[in-house]
Amino acid sequence: MRAIVCGLGQVGFRVTMLLARLREEVTVVTLNPREEFVEQVVESGCTIVAGDARNERNLIQAGITKASAVIICMDDDLANIEVALDARRLNPTVRLVVRIFDQNLARRLEET
């Protein structure tokens with residue numbers, strides 16, 4: 001599986017490390033990563049694309065056209081939705097996991 005993780009905060013880091021332990025190919029797209037996370041992610045064999053996941057070029061650089069899954073776990077609901085829509089447009093068959101803080105918004109997205 002080729003996965004893209006968007007965001008390298010606590011959740012993104014944990015997801016990335018879990019996927020790396022499962023020997024999955026992972027690319028992380030992150031705007032402001034914590035140095036200690038970057039070191040561990042790179043040491044685990046993952047790739048990092050430094051930049052905003054809302055920028056289509058960064059998703060393309062991360063390999064969105066060949067990715068089987070995108071895990072979007074930034075700390076901004078609207079940014080997460082924007083990335084999910086872009087990812088789906090760039091790769092209609094990609095599986096999406098989107099972190100949403102607002103439970104009402106999450107329910108509405110599930111319904112649509």
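Is Thr16 buried or exposed? In this predicted model, Thr16 is found in helix 1 and has a relative accessibility of 0%, so that it counts as buried, the limit for that class being under 20%. When residues up to four places away in sequence are set aside, the contacts of Thr16 comprise Val5, Leu8, Val26, Val28, Val41 and Cys46.

Two packed helices are described by the angle between their axes and the distance between the axes. For helix 1 and helix 2, the latter spanning residues 35-43, the axes come within 10 Å and cross at roughly 15°. Because this angle falls under 35 degrees, helix 1 is roughly parallel to helix 2, and the crossing in which helix 1 passes helix 2 is left-handed. On the side of helix 1 the contact is made by Gln10, Phe13, Thr16 and Met17, while helix 2 contributes Phe37, Gln40 and Val41. Classified by residue type, the contact of helix 1 with helix 2 holds four nonpolar and three polar residues, with no charged residues.

Leu22 lies in the loop that runs between helix 1 (10-21) and strand 2 (25-30). Between Leu22 and Asn55 the separation is 33 residues in sequence and 28 Å in space, taken from C-alpha to C-alpha.

Key: Residues numbered from 1 in each chain as written. Predicted model: local features only at pLDDT ≥ 70, side-chain atom pairs only at ≥ 80, totals over all residues. Heavy atoms only, no water. Helix = DSSP H or I, 4+ residues; strand = E, 2+ residues; numbered from the N terminus. Axes fitted to C-alpha atoms, helices over the stretch in contact; angles between N-to-C directions. Parallel < 35°, antiparallel > 145°, perpendicular 65-115°, else oblique. Left-handed = near helix turned anticlockwise from the far one by under 90°. Contact = heavy atoms within 4.5 Å. Nonpolar A, V, L, I, M, F, W, Y, C, P; charged D, E, K, R; others polar. Buried < 20%, exposed > 50% of the residue type's maximum accessible area, 1.4 Å probe, protein only.
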